Structure formats: structure tokens, C-alpha cells
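Trainee: I have a model open and want to go through it with you. Can we take it step by step?

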Amino acid sequence: MKLLKTLLPAAALAALPVMGMAQEAAAPTMDEVGPYIFTTLLFLMAGFLVFFMAAGFAMLEAGLVRSKNVAMQLTKNIALFSIAAIMYWLVGFNTMYPGDFNGYFAIGGQTVLDAVGVSAADAALDYASVGSDFFFQLVFVAATASIVSGAVAERIKLWPFLAFVVVLTGLMYPISGSWQWGGGWLSEMGFSDFAGSTVVHSVGGWAALAGVIVLGPRIGKYKDGRVNPIPGSNLALATLGTFILWLGWFGFNGGSQLAMGTVGDVSDVSRIFANTNMAAAAGAVTALILTQVMYKKVDLTMVLNGALAGLVSITAEPLAPTLFGALWIGAVGGVIVVFAVPFLDKLKIDDVVGAIPVHLFAGIWGTIAVIFYGEAQLMTQLTGIVAYGVFTFVASLILWFILKATVGIRVSEEEEINGLDMAELGMEAYPEFSKG
């Protein structure tokens, strides 16, 4: 500065600090950039966890079907995730955000990511990167399709099922999802669903219910007025799958905070984690106790689904409740599963893995439970539940009937008895034990 004083006139020297300050002001500060960076990081980390739920669904379903159908379930799960990824890029993401179905049919186009090496000046600093947001939302739609996979297991053809997944993930889920998360009419009405008890889980449950009704039950499941249990092939895999889903749910609910740029946001994410865990634990313990009381022995499959029902129940509002609130909300989810499974059997609705009690019934309960801790009104919540139910169930029913009438959706009786692994794939998960 001493040298500049000797070389520059006074007027030019006086202008230097002003020019410097103008240049500094043009660049975003850390206070402006920080929330963008940390929220993007939240989406990526949460997205990794929710992606791992695909493995959880695959292991759960592989364990709860018979050994002759395991390879088929694994194929369906990796295929449905891959199809969901492509369809959500092609039309789904831009249909759901920001488009909404408010009296017109609006289909979005392909998702376009931020430019390579995007500068802070060109980025949308009020939120997160497009890539992280797209990836985080994508793994949710894949979870919806996985719910359907388990319910219709052991008698559905591969390609008609995958055709259903194309429509579900590319159109049905994004259209209905835009009603709430895309700023649509339910959002404007005040409907509240923090992480998707209805938007994700009951949508999968309604689609699954339509599928099992059109398909009909498995051979031998209901005979001579009795319910014949059909045990799964590997409860160790089913238990592993449940723990993986439990782990992934921290990303499912925690990432739905949608922000990690402040102390309050980070603290809220930790609160969501704790409540999510408590609800799962309460659902499992409730199912544990109830099955002991009702059947004189603990039913492991009920305990596993009790934990999942607790998770689904807390998903609509994992932030506001206290830990005790999360406990009783999750416990009710456990009760729902224990009573809903035999109820569906009485109606001869054959849901192989219990997806409908877990994701549909507990999803409805979780959406209603928001009124106890959030600001939502009961009638508004019920309106959302009915809207999602009517749209998804009717659309799914129509699509299943179209597939049934055109290409057929169920394998032959002989193929079902011999197993879908050989009938549909020509390979077996357990070649030495194919008759299980």
C-alpha cells in the first residue's frame, strides 16, 4: 500500500477499497454456499441408505418365498429398481416436480443435471444440486415398486409385472406424488405426509392390493375353508432384509428433512433418527408380545413385519413426536400387522410377504397419526388418504386387467407347482434343494 501511494493519484487510490469490496460481494459467502453444500450432502448420504433398502426388500422377499421362487424374486427386485431409475429420469422426476395434476394431465420431460463444474454463482443456492435431489427422490419410487413385488410373488409372470412397474414408476407414482410433494392440490389444502406413509407406502400397498385381487391366491393357500400356511425358505434372509430396511429408513425419514444447512436442521435430523428407531422397536416388541399371547408362541415373521409397520407408521411425521409419541405410534403399527394378516386370509387375499398390512394399513394409520403431533386436520388427512387410494387402486386395477386380458399375468398351474425359477428363468437359486 505504501508503494501504491507513491505511484497512483489520490482519486484512483481512493477508489481501490470500493472496487475490492464490490468484487468480494459478487462471490457468494460461506453463509450462502454452506446450506447448498450440506443439503446436497444430506441427499446423497440419505439416498445411499434408501438405495440399500432395495437389498433389504430383495432379502426379505427371498426369505419369505419358497426356495423354488427365490431367483425370480431376486430378478424382479434388481429389474424393478433399474426400470424405476430409467423411467424416473425419462418422465417421472419432472412430472412430479414441479408439475402437478390439478385438473390437467401434465407429463414432464427428461431430467437434466447441473453443468459439470457449476459455479456458485450459477447454482441454485436456495436448495441443493439437481443430481442429489433427483437421486434421493428416485430411490423412493423404487421402494414403492418393491412393495408390489412381494405381495404378488410366487404366481406372477416376470414381464407383465415389469410392464406394470414401467407405468407405476414413470406415471402413476409421479402424478399422485405431485399432489403433495410437487406443490399440488393436497399440499395447498394442508395435507401432511413428511416422508411418505401415504405418498410412498400406501401407494405401493394399493397397487399391490389390486394386483393380488386380479391374480388370485396361490395354489393350496385356501382349501376346504381353511388357511394353509406356506412357510418361506429362509428366515435368516428375511431377518437380514428387515435389518437392512430398518437401516435404510434412517435415510428415508432423515433425508426428508430436506435441509442440513443450520444447527436446527441437523438437530432435527437427529431427532428424526431417534423417533424412527423407537417406532420400529415398538412395532417389533408389540408383535412379539401379541403373537405370544394369541398363539402361545412367538411368530418371527410377525415380529419382522411389526418392526416394518412401526417404521411405516412413523414415516408421515417422524419429527414432531416425542420419543414416547414415536413409541406408541409404532406400537399401534405392530398391532395392525398382527390382526390384519389373518383378516386378509379370511378374505382370501393372498399377500405373500405381508406387504398390504405393513405398507397400506400401517401407512393409513401413520397418516392419521399426524394429527396428534402436527398441525394437520383429520378431514384433510382423510381426504389425502382417499384420494391416493382411489387413484392408485383404480388405475392399478385397470392396468392389471389390461395386462391379464392381453398377455396374461399368471403362470400356468404346472409352472406354479414346479416353481417360477425354472418356469420363468430356467435357473434356480438353490439347485440342490429345488423342491422346497
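Trainee: How many aromatic pairs does the structure hold?

Mentor: First, the ground rules: this is a predicted model, where local features need pLDDT of at least 70, side-chain atom pairs count only at pLDDT 80 or more, and totals for chains, interfaces and linings use all residues. Residues are numbered from 1 along each chain as its sequence is written, and side-chain values use heavy atoms, with hydrogens and water left out. Rings of Phe, Tyr and Trp (its six-membered ring) pair if their centres lie within 6.5 Å. The number of aromatic pairs is 23.

Trainee: What kind of aromatic pair do tryptophan 179 and phenylalanine 391 form?

Mentor: Planes under 30 degrees apart count as stacked, over 60 as edge-to-face and the rest as tilted. Here the centres are 5.2 Å apart and the planes make 65°. So the pair of tryptophan 179 and phenylalanine 391 is edge-to-face.

Trainee: Which helices does that pair link?

Mentor: Helices here are DSSP runs (H or I, at least four residues), strands likewise (E, at least two), numbered from the N terminus. The two residues are 212 apart, so the pair links distant parts of the chain. Tryptophan 179 is in α6 (residues 158-180), and phenylalanine 391 is in α14 (residues 378-406).

Trainee: Is tryptophan 179 buried or exposed?

Mentor: Buried means under 20% relative accessible area, exposed over 50%, partly exposed in between (1.4 Å probe, protein chains only). Phenylalanine 391 has 22%, so it is partly exposed. Tryptophan 179 has 5%, so it is buried.

Trainee: How do the axes of α4 and α5 lie to each other?

Mentor: Axes are lines fitted to C-alpha atoms, for helices over the stretch in contact, and angles run from 0 to 180 degrees between N-to-C directions. The axes of α4 (residues 70-96) and α5 (residues 130-151) come within 8 Å and cross at roughly 140°. Angles under 35 degrees count as roughly parallel, over 145 as roughly antiparallel, 65 to 115 as roughly perpendicular and the rest as oblique. Therefore α4 is to α5 oblique.

Trainee: How many nonpolar, polar and charged residues has the contact of α4 with α5?

Mentor: Contact means heavy atoms within 4.5 Å. Among the residues that meet are Leu80, Phe81 and Trp89 in α4, and Phe134, Leu138 and Val141 in α5. Ala, Val, Leu, Ile, Met, Phe, Trp, Tyr, Cys and Pro count as nonpolar, Asp, Glu, Lys and Arg as charged, and the others, Gly among them, as polar. The contact has 13 nonpolar, 6 polar and 2 charged residues.

Trainee: Which residues does glycine 366 touch, not counting residues up to four places away in sequence?

Mentor: Glycine 366 is found in α13 (residues 355-369). Its relative accessible area is 2%, so glycine 366 is buried. It touches Ser197, Ser313 and Ala316.

Trainee: What is the phi of lysine 296?

Mentor: Most residues other than glycine have a negative phi. Lysine 296 has a positive one. Its place is the loop between α10 (263-295) and α11 (300-315), and it is exposed at 63% relative accessible area.

Trainee: Where is lysine 348, another residue with a positive phi?

Mentor: The phi of lysine 348 is about 60°, although it is not a glycine. At 52% relative accessibility it counts as exposed. Lysine 348 is found in the loop between α12 (323-346) and α13.
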